[in-house]
Amino acid sequence: MNGKGRQKETLLKVLRYIRKYWFYLGLSVLMAACTVALTLYVPILTGEAIDLIIAEGLVDFEGIFAILVKVGIAIALTAAAQWLMNVCNNRMTYGIVRDIRDEAFRKIEILPLKYIDAHSYGEVVSRVIADVDQFADGLLMGFTQLFTGVVTIVGTLVIMLTINIGITVVVVCITPVSFLVANFIAKKTYHMFKLQSETRGEQTALIDEMVGNQRVVQAFGYEDNAMERFDEINGRLQKCSLQAIFFSSITNPATRFVNSLVYTGVGITGAFLAIMGGISVGQLSCLLTYANQYTKPFNEISGVVTELQNALACAARIFELIEEEPQVPDAADAVSLANVEGTVDLEHVSFSYTPEKKLIEDFNLKVKPGQRVAIVGPTGCGKTTLINLLMRFYDVREGRIRVEGKDIRQVTRKSLRTAFGMVLQETWLKSGTIRDNIVMGRPEATEEEVIAAAKAAHAHSFIKRLPEGYDTVITEDGGNLSQGQKQLLCITRVMLCQPDMLILDEATSSIDTRTEIRIQKAFAKLMDGRTSFIVAHRLSTIQEADIILVMKDGNIIEQGNHESLLAEGGFYAQLYQSQFAV
Amino acid sequence: MKKLLVYLKDYKKESILAPLFKMLEASFELLVPLVMAQIIDTGIAQRDKGIIVKMGLVMIALGLIGLVCSITAQFFAAKAAVGFSTGLKHALFGHIQKLSFSEMDTIGTSTLITRMTSDVNQVQSGVNLVLRLFLRSPFIVFGAMIMAFTIDVKAAFVFVVTIPLLCIVVFGIMLITMPLYKKVQTGLDRILGITRENLTGARVVRAFNKEEAEIGRFRDGNENLTTMQMFVGKISALMNPVTYIIINGAVIVLIWTGAVQVENGYITQGEVVALVNYMSQILVELIKLANLIITVTKALACANRIEAVFEAKSSLVSPEPGKSTGAALSAEGTGTETIRRNGSGAASPAVTFEHVCLTYKNAGAESLTDIHFQVQKGQTVGIIGGTGSGKSSVVNMIPRFYDATKGRVLVDGRDVKDYTLEELRGKIGVVMQKAVLFKGTIRENLLWGKEDATEEEMWRALEISQAKEFVETKEGGLDAKVAQAGKNLSGGQKQRLTIARALIRRPEILILDDSASALDFATDAKLRKAIREMEEAPTVFIVSQRAASIQYADSIIVMDDGEIAGMGTHSQLMETCEVYKEIYDSQFKKEGQAS
């Protein structure tokens, strides 16, 4: 029940997407009906023509000619209807696939970061790309063959009945066997396909990791080990693929065998009837063609059913993503932060990524407009956690964060994030031109503003020297830029936005100190009058901070300014003094 | 596609047997209309019920044999196709791993991933179908024609005209759609790229409120893809109707010719039925063939893309094993500026750069110009300089991530090109700017550095890299889980683990490429101290932005715009090198006073 129930559920969801294309669906069904009717009409005409060819000297050429003209017209119409049907199906399938992809991507944009941090990129990508692709193939096949199949079966049955009831009964009795066979196989293979799809996902994840980090793989000569791991999954995939493919491919021969039984059955009963004068040879020929046409769709349908099984398995994985719980939406009465002066209060904040491991406990902090907050502490003490909370990438577990006196869960994310300018330790650039990347926060910025910001961030000189200047296309993940250049671009990006508050996460660590001095000057100007949170290593930055938060093991253990903390002689003093020791 | 066929080699038997059994099945299928003609002409005409029953049994027997043959064929085809893709993926993965940094830079990661996954899948279904049906269908088509000849030569000429006509249509459409499918695949690559980007950059996208814009960008790419798919689909959709017209046109002609032949007494009515039956068999096969061709066209396009990956050859050529070189002597006496450790001399220097220049692929200007220096074993060298000054480029050339365009790099007095990559990189521990860890446990990540490392060696490496403390507090210690890309660790933790990973192999040369940037000063200092105190201390290259990190190095190389601006000890450089002095002062003036 479980597997079947889920499948049904998936099917219903697919139907929801189809609804939008009802026009194409209707037209396609109509055209399918036309095609089938005409295709069925042609054998009747052919049969009639054959009955006019009795033997030597007994051929009615005039009659035959009249019939053949009719055949010609029917053929032309069939072809036209068929083409129209195919085009409709195409539109529908690719349209639906586009809709699903769009929705999946939209989902990615509103998924909580918790989901993104916890799932491998390769797996998510495989859902959006490979699974949707497979689904499209299955769906297209389903559309093109399912309708025509079903309509053909019904149509043939009706026509056969009008010709001869006895033979029709023979046909109808034997055919369901092929359906049963197909159904049986499909049921058995659904799980095999699912296993195959999962194993593929696993493999994609490994490829993503190893190929994505090839530099490290090569530096450590890990190629052989990677190969080994790859081969292990590859071997498993080989096994389960073989199973899925072989067992599903039995369907076709099996149903074809049933067909040949039907064909023989019609042949024999027909022949006996013909001897008794029940039907003519032309009618028999016509019935034989129908018997073929009646059973063929069963094959096709069974083929389609396996394909659809596969498609549904893929669809289920996509829907899993689409139905993933999104981040908590902005509160209905959420207000837009405006005229931010820079008051930030953290009240009794508790937070941890996993309930088992407590991180921040009952933390309080009051930041007045224009103050600089430096977060320092040994590596890995959870400094970036604070950024996650301020930007509302994660929500606090207890307590609240207030900006301008408003709980940040009561303001729109958009206005909150606009209020902050952020430079992360891990630089991220999107593929596109340098300019595209700079104007991310302010698409409407003028050329002058862009250049001014780039100059302020000392990025202008290197950008100018690139082959196409600001129009240089940077590849995936900024591959052709140095770490420092990427960093400079990220800073330019924030520089252009002139945000109300700043968050800097070790942002300047990869830039040489000469440049950095200039950047710090620029930042100092930027920070002037703006509340800033800085995850800092540089003592000069720290010394000038109004508030220093000293973190250790996820907790804020000391809080104060440089002088007071030094006087305290605690952990901060210890950190500070160790700086020049080698 | 041709080159990919080698991966079918191990499945020769299967790839021959599959079509063979299919053809066997088809031959039995071809006999059916003849048997039916017998029923009509003998059974019905002579009212012989015995013949009718006998022929009926023959038909069932034919069906049964067909079933067995067909299942056998399916099995072999599936086995060959899956085996093929498994072998192909293995080879592709191996090949990609061998590509050097320059090739990876130009090709891009995401397209490699699609090629390894969805493209290979498409090719696999293509191979499977081809093995099953591509021989069978033409066989039935031509078989039907031959059978027609046995019935009546004149009527058979209808087949002779029809079949080539069909071939033209089928292959014509195939030729037109093939390049289009390639475009579709490129479109798919693009949206894959966007998806990946948005996963890796989720934080930035949200921080800049770009969700809507990104959705728009994805939608454009997606729309573009859909339009292309629909266009190709429209052309492919012509296939069925056109073939249908041709075949049924032929049936019309056939009936007319048949009528004439019967009138003249050459053939019987039953034989006309047989002829029409053969023609409709061709139609059925062609419909299959047409659907197949769509799949095969796609598969071929994918196969080409895969081939393109195989064609990207690694630009780094390893020497043939056994070929020894006499390069060791050249370093001496060429007037190389030598950096010597106090007192110790002799032996060949650990690393030598001889007038090295480097130009990256597709880059106009040189990134490194005339780099010339020598480092003795056990020394610590600091490399400092501005962004894009070429610091990383210099160290990247030691493990041969990139090859010099001019000049040469020597390790232990031997040209790096004379080492096998394995041997060369085995001597070197590299810690890159970007700290990359892999999904698994801490232990597994450390084992990257040395496969057979003992527990003790691991803890020792962790101790030196200042990671021991936090690893100990992790649940499970060495067996604590590491998420993909080390997402559950902080930047500093990741960096220290990557350093431990490099240390564990006890490298002769250790390269720290700005890899302590996320460490606080105290940890950074402790780390450097611990490395210096290692027994059999490695030759260390520290690339850094921080003067404090390299201040105490045996020698400091100051890079400026791809050239060496100064070289020497801290005190020497303070006297002679303007660039260095400026860097140092900028960092230390204030802080120096404070301490």
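Entry 1: I began with helix α9 (residues 251-275) of chain A and helix α1 (residues 12-44) of chain B, whose axes come within 10 Å and cross at roughly 10°. The axes are lines fitted to C-alpha atoms, for helices over the stretch in contact, and the angles run from 0 to 180 degrees between N-to-C directions. That angle makes α9(A) roughly parallel to α1(B), a term for angles under 35 degrees. Helices here are DSSP runs of H or I with at least four residues, strands are runs of E with at least two, and both are numbered from the N terminus.

I then listed the residues that meet, taking contact as heavy atoms within 4.5 Å. From α9(A) they include A:Arg256, A:Tyr263 and A:Gly267, and from α1(B) they include B:Lys22, B:Glu25 and B:Glu29. The residues of this contact divide into eight nonpolar, two polar and four charged, where Ala, Val, Leu, Ile, Met, Phe, Trp, Tyr, Cys and Pro count as nonpolar, Asp, Glu, Lys and Arg as charged, and the others, Gly among them, as polar.

**Entry 2: what I am reading.** This is a predicted model, in which local features need pLDDT of at least 70 and side-chain atom pairs count only at pLDDT 80 or more, while totals for chains, interfaces and linings use all residues. Residues are numbered from 1 along each chain as its sequence is written, chains are lettered from A and ligands numbered from 1 in the order in which they are written, and side-chain values use heavy atoms, with hydrogens and water left out.

**Entry 3: the interface.** I found that the contact takes 166 residues from chain A and 173 residues from chain B. The two chains bury about 15,600 Å² between them, 63% of it on carbon and sulfur atoms; this is the accessible area (1.4 Å probe) lost on putting the two parts together, summed over both. The rule finds four salt bridges across the interface, each a side-chain nitrogen of Lys or Arg within 4 Å of a carboxyl oxygen of Asp or Glu. I looked up a salt bridge between the side chains of A:Asp208 and B:Arg196, at 2.5 Å from N to O.

**Entry 4: two residues of chain B.** B:Lys234 lies in helix α8 (residues 211-236) and touches A:Trp83, A:Val87, A:Asn90 and A:Arg91, not counting residues up to four places away in sequence. With a relative accessible area of 31%, B:Lys234 is partly exposed, whereas B:Thr498, at 3%, counts as buried (buried is under 20%, exposed over 50%, partly exposed in between, with a 1.4 Å probe and protein chains only). I placed B:Thr498 in helix α16 (residues 491-503).

Note on methods
Parallel < 35°, antiparallel > 145°, perpendicular 65-115°, else oblique.
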